[in-house]
Amino acid sequence: SMSENVIFNESFTDKILKIELNNLSKKNALSLEMLTEMASKLSQNNYIKKFKCVVITGTKKSAFSSGADLDDIRRLIASQKINFYHKKMNNLLKIITKLEIPVISVIRSHCYGAGFIIAMHSDIIIAAESSSFCIPASKLNIQIPKKQILHLLTKINKGFFKDIILTSRKFTASEAYSQNVINAYVKDDELESFTDNYFNQIVNKEKKINTFYLNLLRN
C-alpha cells in the first residue's frame with residue numbers, strides 16, 4: 001500500500017474486513033492519501049466480496065479520528081483547492097454507502113469532523129463511553145459540502161444538528177446516544193468484548209439477507 005496510515009486487517013475472522021486508521025501522531029487525522037487508499041480498497045468488488053462486514057476503527061485502541069488532516073487542509077486552502085478534499089471525501093462516502101455489506105464504526109476517544117462524517121455514513125456506530133464527538137467546521141471556517149450535510153440530516157435531528165454545527169461544541173457518547181446519533185456506548189474496557197459479540201451476530205447470517213435489508217434501510 002502507499003502508506004501504513006491505513007491498515008486493512010483481515011485477521012479478525014475471514015468474514016470481517018477491519019479498516020484500522022493508523023495516523024497516530026495526528027490522532028488518526030484523515031489525510032488525502034488515507035481517503036484515496038480507503039476508496040481504492042473498498043471499490044475493489046472482488047476483494048470486498050470475500051467479507052460479510054466492514055469495520056472502521058482506530059488501530060490498537062487509538063482514537064477513531066480527530067478529523068481532516070489540517071496540514072492537507074491548510075495547503076489546499078492556500079492554493080484555493082479545498083474542493084479537492086471535499087471531492088475525495090464525497091467519493092469515499094459514496095463507496096461506503098454503496099457497499100452491499102454492513103459497515104460498522106467502532107469509536108474510541110476523538111470522533112471529530114471528517115471522522116464523524118465517515119462514522120455517520122456507516123450503518124451502525126458503537127462507541128466507548130469516554131468518546132468525544134464534534135463537528136468543528138464552523139470554528140475552522142470550513143463549509144461542509146451540501147451533499148454531506150443532507151446525508152447527515154437523514155441521521156441527525158435538525159435541532160441537535162444546528163446546535164452542534166453552530167457551536168462546534170464537543171459532546172459525549174451518552175449525549176450522542178440520547179440524540180440517536182450512535183447505536184450503543186459501553187464502558188471503555190468492555191468495548192472489545194461487546195463489539196466482537198456484535199460482529200458475530202451480524203456475520204452468522206446469510207450475507208444476502210443483510211444486503212436485502214440494507215438496500216431498503218439506507219437512504
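Guide: A salt bridge is a side-chain nitrogen of Lys or Arg within 4 Å of a carboxyl oxygen of Asp or Glu. The model is predicted: local features need pLDDT of at least 70 and side-chain atom pairs pLDDT 80 or more, while totals for chains, interfaces and linings use all residues. Residues are numbered from 1 along each chain as its sequence is written, and side-chain values use heavy atoms, leaving out hydrogens and water.

Visitor: How many salt bridges are found in the whole structure?

Guide: One of them pairs D72 with R75, at 3.0 Å from N to O. A search of the whole structure gives a total of 9.

Visitor: By about how much of the helix are D72 and R75 separated?

Guide: Helices are DSSP runs of H or I with at least four residues, strands are E runs of at least two, and both are numbered from the N terminus. D72 and R75 both lie in helix 3, 3 residues apart, so the separation is about one helical turn.

Visitor: Is D72 buried or exposed?

Guide: Buried means under 20% relative accessible area, exposed over 50%, and partly exposed in between (1.4 Å probe, protein chains only). D72 has 12%, so D72 is buried.

Visitor: How many residues apart in sequence are the parts that D71 and K26 tie together?

Guide: The side chains of D71 and K26 meet in a salt bridge of 2.6 Å, N to O. D71 belongs to helix 3 and K26 to the loop between strand 2 (16–21) and helix 1 (32–42), so the sequence distance between the joined parts is 45 residues.

Visitor: Which residue forms a salt bridge with R218?

Guide: R218 lies in the segment after helix 10, and its partner is in the loop between helix 5 (113–120) and strand 6 (124–128), so parts 95 residues apart in sequence are tied together. The closest N and O atoms are 2.7 Å apart, and the partner is D123.

Visitor: Leaving aside neighbours within four places in sequence, which residues does T195 contact?

Guide: T195 sits in helix 9 (residues 191–203) and is buried, at 4% relative accessible area. Contact means heavy atoms within 4.5 Å. With neighbours within four places in sequence set aside, T195 touches V106 and I126.
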